[in-house]
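Colleague: Hi! I'm new to this one, could you walk me through it?
Modeller: Happy to, let's open it up together.

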Amino acid sequence: MKKLAIASDHAGYDLKEFIKKYLIEKGYEIIDFGTHSSESCDYPDYAHPAAQNVVKGECEMGVAVCGSGQGMAITLNKYPEIRAALCWIPEIAELARKHNNANFLVLPARFISEEMAVKITDTYFATDFEGGRHQRRVDKIPRNISVEGEVM
């Protein structure tokens with residue numbers, strides 16, 4: 001089974017804890033980067049260490065949760081090696097894995113139920129990257145781009 005990084009802010013804390021427990025029961029090893037309560041906090045403080053862990057290869061993939069999912073996704077995607085996908089239905093999760101080789105699932109805690117989070121998570125981790133033409137597209141995501149659009 002995969003070793004996963006997991007992180008949330010205060011708005012995502014309850015759903016993170018629910019999904020963490022669910023994944024552990026399914027046999028995943030989880031490293032929890034916080035937050036560890038529902039007290040107000042800043043999502044980048046938890047997204048950065050989780051992303052760095054996946055980039056270093058200490059965890060294979062990650063799950064992040066915040067209120068809308070946007071803050072976590074934006075922060076995680078600052079890392080060239082991270083492809084964080086904000087998923088609110090299982091079909092988005094499936095395509096994120098199949099076509100984009102997403103390595104971080106981001107869930108919007110204020111907009112999905114626990115039941116939907118389970119469906120999304122199950123779909124995400126059950127789906128493999130298709131490669132082929134999709135690999136060519138993923139390879140075109142440059143590591144660094146200048147303001148003029150040049151690859152640096």
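Colleague: Which backbone oxygen lies 2.6 Å from a polar atom of the Thr127 side chain?
Modeller: That is the backbone oxygen of Thr123. Keep in mind that this is a predicted model, where local features need pLDDT of at least 70, side-chain atom pairs count only at pLDDT 80 or more, and totals for chains, interfaces and linings use all residues. Residues are numbered from 1 along each chain as its sequence is written, and side-chain values use heavy atoms, with hydrogens and water left out.

Colleague: Got it. Where does Thr127 lie?
Modeller: Thr127 is in the loop between H5 and helix H6 (133-139). Helices here are DSSP runs of H or I with at least four residues, strands are runs of E with at least two, and both are numbered from the N terminus.

Colleague: And is Thr127 buried or exposed?
Modeller: Thr127 has a relative accessible area of 10%, so it is buried. Buried means under 20%, exposed over 50% and partly exposed in between, using a 1.4 Å probe and protein chains only.

Colleague: What is Thr127 in contact with, leaving aside neighbours within four places in sequence?
Modeller: Glu94, Arg97 and Lys98. Contact means heavy atoms within 4.5 Å.

Colleague: Let's turn to the helices. How do H4 and H5 pack?
Modeller: Helix H4 (residues 90-100) and helix H5 (residues 114-126) pack at an angle of about 20°, and their axes are 8 Å apart. The two are therefore roughly parallel to each other, a label for angles under 35 degrees.

Colleague: Which residues meet there?
Modeller: From H4, Pro90, Ala93, Glu94 and Arg97 meet Met116, Lys119, Ile120, Thr123 and Tyr124 of H5. The residues of this contact divide into five nonpolar, one polar and three charged.

Colleague: What about Phe18, where is it found?
Modeller: Phe18 sits in helix H1 (residues 13-25). With a relative accessible area of 28%, Phe18 is partly exposed. Leaving aside neighbours within four places in sequence, Phe18 is in contact with Glu114 and Val118.

Colleague: Now the backbone. Which residues does a cis peptide bond join?
Modeller: Gly34 and Thr35, with omega about 0°. Thr35 lies in the loop between strand S2 (29-32) and helix H2 (44-55).

Colleague: One more: what is the phi of Asn101?
Modeller: Asn101 has a positive phi of about 50°, although it is not a glycine. You'll find Asn101 in the loop between H4 and strand S5 (104-108).

Technical notes: Axes are lines fitted to C-alpha atoms, for helices over the stretch in contact, and angles run from 0 to 180 degrees between N-to-C directions. Angles under 35 degrees count as roughly parallel, over 145 as roughly antiparallel, 65 to 115 as roughly perpendicular and the rest as oblique. Ala, Val, Leu, Ile, Met, Phe, Trp, Tyr, Cys and Pro count as nonpolar, Asp, Glu, Lys and Arg as charged, and the others, Gly among them, as polar. A polar contact is a pair of N or O atoms within 3.5 Å; within protein, one must be able to donate a hydrogen and the other to accept it, and residues adjacent in sequence count only if both atoms are side-chain atoms.
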